[in-house]
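User: I'd like to learn how to read domains, interfaces and cores from a model. Can we go through one together?

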Amino acid sequence: MSDPMGFLLWVKGPAFDWALAIFALGMFARLVEIFMLGRQVNYAEPKGSEWGPGFKTVFTRTFADPGTFARSPFDVVLGWIWHIGFLVALLLFIPHIELFKSVLGLSWPGLPNPVVDAITAITVLGLLLALWHRLSSPVKRFISTPQDYLVWAVTFLPVLTGYLAYHRLINPYPLALGLHILTVEVFLVVFPFTKLTHVFTAFIARWYNGAIFGRKGIES
Amino acid sequence: MSQELNKVSLERGLEALRAEIDAPVAAFFSSCVRCGLCATACPFYVETGDPKYTPIRKLEPLRLVWEAEYTLWGRIKSALGLAQKVTDAMLEEWEPLLYDSCSMCARCSMVCPVGNDLQYMIRKTREGMVASGHAPEGLIGAAARAIRTGSPMGLQWKTLDVQIKHVEGSSGLTVPVDQVGADYLVLLSSMEIINFPEYLEAITKIFDHAGVSWTLSTDCFEATNAGIQIGSKDIAAELVERVVAAAAKLKVKNVISPECGHAYTAIRWEGPNLIGRSYPFRVFHIIEVLDELRASGRLKTEGKETDRLSLHDPCNLARKSGCIQEQRNLMGLVAENFVDLKEHGRYQWCCGAGGGVSSNERAEPLKLAAFKRKKAQIEEVAPERMVTMCATCRTQLEEGLEEFNMDIPVVGLTEMIADHLVEKDPA
């Protein structure tokens with residue numbers, strides 16, 4: 001493992017398997033922890049339904065209401081930019097699609113490398129701005145915990161190392177690629193035990209929100 | 001000795017918090033990314049600029065219990081002695097955050113990008129606060145008076161009886177009391193009886209006009225529920241049971257909650273769950289009943305208000321119960337120059353007095369600070385009068401507008417409707 005090739009083989013092999021297993025089991029445990037708690041029977045006469053409004057809110061909460069947008073345009077736009085950038089780099093970079101194909105057996109069309117490259121650069125900048133905003137906005141700084149900075153770092157590093165590896169800014173290349181994959185593994189291991197769970201649970205939370213309000217006849 | 005007592009009450013509080021943690025709560029806490037957007041939805045933060053009023057932070061006691069006891073990593077941390085514990089001192093520090101600076105208006109619940117229903121969790125966290133002995137004096141007093149006398153203000157039937165006589169004298173109509181088999185049991189709020197006696201006269205006239213069969217009950221006239229505001233299911237359930245018993249005794253088909261916000265959400269949405277069974281009657285807010293009468297052509301009005309009127313949607317009625325169009329339909333009936341506030345309906349801003357804030361003397365300065373958001377909204381559209389349909393909102397609007405020397409009277413929608421009824425033929 002002392003040579004770059006050996007390091008790459010280790011991160012691509014046993015380390016990747018372990019990280020994936022911890023991610024999958026940890027996330028499965030969290031979902032079980034949530035759903036096992038259940039909800040109490042609701043005896044109040046409903047004014048509307050739960051399912052439809054629940055799914056509607058899953059979708060509509062992606063967009064800020066006009067008042068919130070006007071009050072926090074920077075938050076909303078920046079959040080959009082780096083989330084989309086992260087997803088594009090993760091899901092539409094052709095070598096990533098090859099990896100998904102080998103693990104899941106599914107594949108889809110990707111974007112040309114220069115496009116993904118530009119979007120990744122924007123994402124790196126977006127995440128740096130997000131960190132700056134967390135440190136400079138009084139509310140964000142006040143409510144932030146060490147976990148918020150940890151999660152920022154484990155999200156930022158895969159994007160950064162991917163960008164550096166693609167541009168051959170770390171040498172030799174097996175070391176660059178190995179570091180990139182290692183940061184992804186750290187991301188996967190940290191995922192189920194931090195707020196990164198929101199990637200999945202935000203949809204559950206939105207559904208409950210829409211359902212709770214929907215039952216009372218309000219679109220939320 | 002007192003330390004021992006604190007330990008017992010803290011454990012009682014933690015137990016109450018545990019009992020409140022359900023799948024939505026776990027999903028909500030799993031999803032918070034500390035973006036802080038909830039702060040921009042909160043009148044208490046917006047008008048003070050103090051980050052400690054960020055809504056999600058008010059839920060820290062509940063979040064700590066959830067993390068330590070309901071998540072794998074939290075349990076590992078607890079086993080290793082690394083988890084942060086909820087202490088009595090922490091609950092004491094959080095008491096003003098959960099009561100004085102939150103009107104449970106649920107605006108943050110509408111805005112949170114991951115979909116957290118923060119108001120749902122504030123309501124639950126207050127259960128733990130009461131159980132651990134950390135509720136504000138003002139609310140403890142109101143809840144105790146409600147249990148003892150039936151009214152959070154200690155008002156008794158004889159006071160209402162004087163008003164009934166007065167209404168009967170000035171209207172020439174009879175106010176039905178204890179009428180078995182009436183269609184509607186009408187509830188009132190003490191604040192309404194004391195501050196806005198015109199409400200009782202208004203519904204007496206409207207129901208006579210529309211031929212609605214209704215009654216008051218000497219067993220139970222109070223609609224408000226101090227148990228919900230303080231966050232005690234036991235107290236809240238006892239107060240709901242009194243309404244249910246009165247409705248059963250008079251065999252009514254429907255119960256009408258008055259121009260009060262929380263009374264409606266208490267009896268309409270929480271009540272059946274507090275007592276663990278469905279009601280044998282239906283529950284309506286007076287505005288829903290009036291709009292139904294309008295839609296079925298039973299409200300005949302004449303003339304319209306000509307001055308510029310705007311509307312304050314009570315949070316409990318609009319955002320928390322979906323009554324948004326009804327009040328606008330009724331305004332259309334009697335107002336020709338109506339203008340909505342810019343953010344209204346489900347995105348309206350709270351007056352600042354709900355959720356028990358108005359019963360909590362300690363919260364006075366914050367209550368007035370939060371009102372500044374409403375004031376700014378009102379200034380934007382510059383109405384000559386404001387209309388609303390909640391006695392607490394109305395009192396807060398009147399006091400707040402007066403404080404800022406704004407000459408804008410506030411009227412109740414029900415009485416405005418009553419003022420425009422077509423006179424019946426004497427025959």
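Analyst: Let's take domains, then the chain contact, then the cores. This is a predicted model, where local features need pLDDT of at least 70, side-chain atom pairs count only at pLDDT 80 or more, and totals for chains, interfaces and linings use all residues. Residues are numbered from 1 along each chain as its sequence is written, while chains are lettered from A and ligands numbered from 1 in the order in which they are written.

User: Into which domains is chain B divided?

Analyst: Domain bounds come from an automatic or database domain assignment. In chain B they give domain 1 (2–135), domain 2 (150–295) and domain 3 (309–419). The centres of domain 1 and domain 2 of chain B, taken over C-alpha atoms, are 33 Å apart.

User: How many residues does the contact take from chain B and from chain A?

Analyst: Two residues are in contact if their C-beta atoms, placed from the backbone, lie within 7 Å. Here chain B gives 49 residues and chain A gives 47. On the chain B side, H2(B) brings the largest share, 7 residues; helices are DSSP runs (H or I, at least four residues), numbered from the N terminus.

User: And which residues have the most contacts inside the largest nonpolar core?

Analyst: A nonpolar core joins buried Ala, Val, Leu, Ile, Met, Phe, Trp, Tyr and Cys residues through C-beta atoms within 7 Å, buried meaning 20 or more other C-beta atoms within 10 Å of a residue's own. B:Cys38 and B:Leu185 have the most contacts inside the largest one, which has 151 residues. Beyond four places in sequence, the contacts of B:Leu185 include B:Thr215, B:Ala246 and B:Ile256.

Key: Helix = DSSP H or I, 4+ residues; strand = E, 2+ residues; numbered from the N terminus. Buried ≥ 20, exposed ≤ 12 C-beta atoms within 10 Å, placed from the backbone.
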